[in-house]
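Subject: Handing over a structure, with notes

Dear colleague,

I am passing a structure on to you, and I have written down below what was found in it.

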Amino acid sequence: MADIKIASVQFENASGNKDYNLSIIRLLTKKAAEQGCQVVAFHECSITGYTFANRLSKDELLAVAETVPGGPSIDALAQIAKENGVAVLAGLFERDSEDKIYNTYVCVDGSGFVTKFRKLHPFISKYLSPGTEYVTFDLLGWKCGILICYDNNVVENVRATALLGAEIIFMPHVTMCTPSTRPGAGFVDPVLWENRARDPTTLRAEFNGLKGRSWLMKWLPARAYDSAIYAVFSNPIGMDDDQLKNGCSMILDPFGDIVSECHALGEDIATAVCSKQKLELAGGHRYRKARRVDLYRDIIGKEHESNLAVAWLK
């Protein structure tokens, strides 16, 4: 029942510049390891960049994507993990032998590739294929799962991953600060980011309001609480292509409480010690045991055609 110390990291990635992004991942992994972290988690497509894929042709996106495992970025990530004696999780675009492209998140450690997960609900490019399975894996005596960004908005995905045994779910995102049908949503002006040193107050008001963190708090704690899992939320800060993102990388415990959160207007690391004792003390553990599957098995399993609608992506 050993505790595990995890870091959730935020940084400003450069679109399509894998060498630069890996250099920042190397630097921040070293800093996290120096703080005693055993696992270091980065955001969705942290190796490649994300939003710029919306304007790439299929050939251009294939040129950015790599085989997983076996690609140079995974080899570099494994070397970073080995150098620092930690496990590292990061994201990129993956291509397979049939030139299908996926939004993929990987875990590596000092011995190399551990696992990968393909986003179930990709939308940033019409050339992306959806993943077809949940993933759970063992990491330092803990059962872990991965769900990428929008996957976590579909509550069934979190519950299913937890029911497969996940005690920790890594939730890499590139989210917030985009228009939506919800009140208060919208883009944040990049000028505020450029002027953050002179006027951090206005930028924080936008980042923490309904465009950003206030929206996140409507649902993220519930994902951890309802299924009694640790949620490791990682999100970039700064410009991702033409969109400004607000970070807020954080780690929540099975009670739905924020154990640690990034607050800097720039690179930052949130660290938390996860204890298995909380898994069974949390209310979500009791609620899962109280489930009456006979009541809703046929309802939840009803035929349904998935329709993925993203309000800001036209």
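In which sense do strand 2 and strand 3 pair, and over how many bridges? Strand 2 (residues 39-41) and strand 3 (residues 87-95) pair in the parallel sense, and the pairing runs over three bridges. Within this pair, V40 has V88 in strand 3 as its bridge partner. Please keep in mind throughout that this is a predicted model.

Helix 3, which spans residues 72-84, contains Q79, a residue that is partly exposed with a relative accessible area of 37%. Q79 and L28 are 51 residues apart along the chain, and their C-alpha atoms are separated by 14 Å. In helix 1 (residues 18-34) you will find T29, which is buried, with a relative accessible area of 0%. Beyond its neighbours within four places in sequence, T29 is in contact with V40, F42, I80, N84, V86 and V88, and two of these residues, V40 and V88, are the bridge partners mentioned above.

The cores

The largest nonpolar core has 54 residues, and those with the most contacts inside it are I6, L89, F137, I168, F170, F207 and L216. Another core, of 25 residues, lies apart from it and includes L28, C37, A78 and I269. To return to F137, its contacts, leaving aside neighbours within four places in sequence, are L89, C107, V114, T115, W142, K143, C144, G145, I146 and F170.

Strand 6 (residues 136-139) pairs with strand 7 in the antiparallel sense over four bridges, and here D138 stands opposite K143 in strand 7. The hairpin of these two strands has two residues between them, and in it L140 takes a positive phi near 55°. Strand 7 (residues 142-146) is mostly covered, given that four of its five residues are buried. Strand 7 also pairs with strand 8, in this case in the parallel sense and over three bridges, and I146 has F170 in strand 8 as its bridge partner.

The cysteines

The structure as a whole holds zero disulfides.

H173 and its surroundings

H173 is found in the loop between strand 8 (168-172) and helix 5 (190-194), and at 1% relative accessibility this residue counts as buried. The side chain of H173 reaches the backbone oxygen of M171 at 2.8 Å. Leaving aside neighbours within four places in sequence, H173 is in contact with H43, E44, C149, N152, W219, F233, S234, N235 and P236.

Backbone details

Finally, a few places in the loops deserve a look. A cis peptide bond, with omega about -5°, joins V68 and P69, and P69 is found in the loop between helix 2 (58-64) and helix 3. A228, in the loop between helix 8 (220-227) and strand 9 (230-234), has a phi near 55°, which is a positive value in a residue other than glycine; A228 is buried, with a relative accessible area of 4%. D241, in the loop between strand 10 (237-240) and strand 11 (243-246), has a positive phi of about 60° although it is not a glycine, and D241 is partly exposed, with a relative accessible area of 24%.

With best wishes

Methods. Residues numbered from 1 in each chain as written. Predicted model: local features only at pLDDT ≥ 70, side-chain atom pairs only at ≥ 80, totals over all residues. Heavy atoms only, no water. Buried < 20%, exposed > 50% of the residue type's maximum accessible area, 1.4 Å probe, protein only. Core = buried A, V, L, I, M, F, W, Y, C linked by side-chain atoms within 4.5 Å. Contact = heavy atoms within 4.5 Å. Pairing = 2+ DSSP bridges. Disulfide = S-S within 2.5 Å. Polar contact = N/O pair within 3.5 Å; in protein donor to acceptor, adjacent residues only side chain to side chain.
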